[in-house]
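Please look over the structure below before reading the notes that accompany it. They are grouped by topic for a reader who wants to work with the coordinates carefully.

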Amino acid sequence: MSGGRRPAPPGRQLAPAQRESPGPAAAAAPPSTLDLPPPGAVPQLTAPVPAAPGAGTEPGAADVDLICRTMAEIRPIADKVTSYFYALLFLQNPELRDLFPASMDAQRDRLFKALLTAARLIDDIGTLTAYLTHLGRGHRKYGTLPEHYPMVGECLIAALTRYAERTWDAETEEAWVRAYTTISQIMIDAAAEDELHRPAWWQAEVVTHELRTPDIAVLTVRPDQPYPFLAGQYTSLETPWWPRVWRHYSFAAAPRSDGLLCFHVKAIPAGWVSSALVHRARPGDVLRLGPPAGSMTVDHSRDNGLLCLGGGTGIAPIKALVEDVAEHGRTRPVEVFYGARSDHDLYDMDTLRELERIHSWLSVRPVVSDGPTRGLAGQLPDAVRRYGPWNAYDAYLSGPPGMIRRSVDALVGAGIPTHRIRHDSIEELVATGE
């Protein structure tokens, strides 16, 4: 992919931002059921549609209003719009099908929602740029090229034209073209800049594979070149058994001098990647890693204590944060609440107890929701409420989306402002399904 800046026509591609997708496969809905135009009927956009007289080339407030009207109209029929978009994309550009996984069940919604999310943010250039820069960099691992963006943009415009019957007109189309041109250029530039500094992906050999429970494995891998990341971040991972299917996993240890990386994986029902990693992966297998992402990291310039809540395999990045605090050598209280359904599911408790024994500033409390326990009984947020006060702490949450939502409410009620509560975005967690 070229590192130079290229003009982005009103076509673009938000290539797959993948996570765990259960079950095999269906691609987009069969073309015969979607009333698609014949090949060649969709105009091949190679330059932005001319703006109205006196209008600029950048999206403005009027464009935002038009875009919001379109999105409000298509929201109730988003499934139809998405199916039409993908069927048209693969019909007009069959070579793009190879960029996507065999299963399109989860991918269909994810890509189209990313497009619409970017359009919604078009009047907030700071947030938009941060959002798209992350996507543009991450999409390098899918083989996305600048020339793919117009293809996607053409099909996006065609899908909106087909289904936004009440709100679509020439002025609205011009607004979407300007928005898409801005979106695609940000992503192209981000990918080109990223290419100067790091690879699109890393090869990583499995060094150890330890089955902690019948459905949870701890994997240690060795990347083929240095892999810079921060404790609390996550990466995307592809296995050799499911090409182009990427899933997100948090690093379960702080950066190590030997360069090894550790992951905790729970096999979920019909989870392609998670099941393969737990039940099929063995030492010597080679995985692919995407770039690191996530902002659930420790600010070591602060003296606040850390209140860490980890549910299930969500304890992985929490353990990495504890190691990170220890390596920086500053004494600050760290309170860990480790939630699971049963004592048996507290698969990493021995490791945490050993860390607690070594570091006097660390306290670990297991919380079990079902059955008898030697720890605290009940739900994780309720257990946290019984302790404290927490107003002098920064909070870090990792686990299922429902647990995070309830825990955020509990912590805000306990006096921790939302800007001091860190976790991966709920949308990412829902998409992960892990």
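**Confidence**
- Over residues 42–56 pLDDT stays under 50, and the model has 31 contacts beyond four places in sequence for this stretch.
- Where pLDDT is low, the predicted coordinates should not be read in detail.

**Nonpolar cores**
- The largest nonpolar core has 44 residues, and those with the most contacts inside it are Phe-85, Leu-89, Leu-132 and Trp-176.
- At least two residues of this core come from each of helix 1, helix 2 (78–92), helix 3 (105–120), helix 4 (125–138), helix 5 (148–163) and helix 6 (170–195), and the largest share, 10 residues, is supplied by helix 5.
- Another core, of 27 residues, lies apart from it and includes Ala-254, Val-322, Val-325 and Tyr-338.

**Helix 1**
- Helix 1 (residues 61–74) has 14 residues and should therefore span 20 Å at 1.5 Å a residue, which agrees with the 20 Å between its end C-alpha atoms.
- Its buried residues are Asp-63, Val-64, Leu-66, Ile-67, Thr-70, Met-71, Glu-73 and Ile-74.

**Gln-379**
- Gln-379 sits in the loop between strand 10 (376–377) and helix 10 (380–385), and it counts as partly exposed because its relative accessibility is 38%.
- Beyond its neighbours within four places in sequence, Gln-379 is in contact with Val-367, Ser-369 and Arg-406.
- The C-alpha atoms of Gln-379 and Arg-341 are separated by 9.1 Å, the two residues being 38 residues apart along the chain.

Definitions and conventions:
Residues are numbered from 1 along each chain as its sequence is written. This is a predicted model: local features need pLDDT of at least 70, side-chain atom pairs count only at pLDDT 80 or more; totals for chains, interfaces and linings use all residues. Side-chain values use heavy atoms; hydrogens and water are left out. Helices (H or I, at least four residues) and strands (E, at least two) are DSSP runs, numbered from the N terminus. The expected span of a helix is 1.5 Å times one less than its number of residues. Buried means under 20% relative accessible area, exposed over 50%, partly exposed in between (1.4 Å probe, protein chains only). A nonpolar core is a set of buried Ala, Val, Leu, Ile, Met, Phe, Trp, Tyr and Cys residues joined through side-chain atoms within 4.5 Å. pLDDT is the predictor's confidence in each residue, from 0 to 100. Contact means heavy atoms within 4.5 Å.
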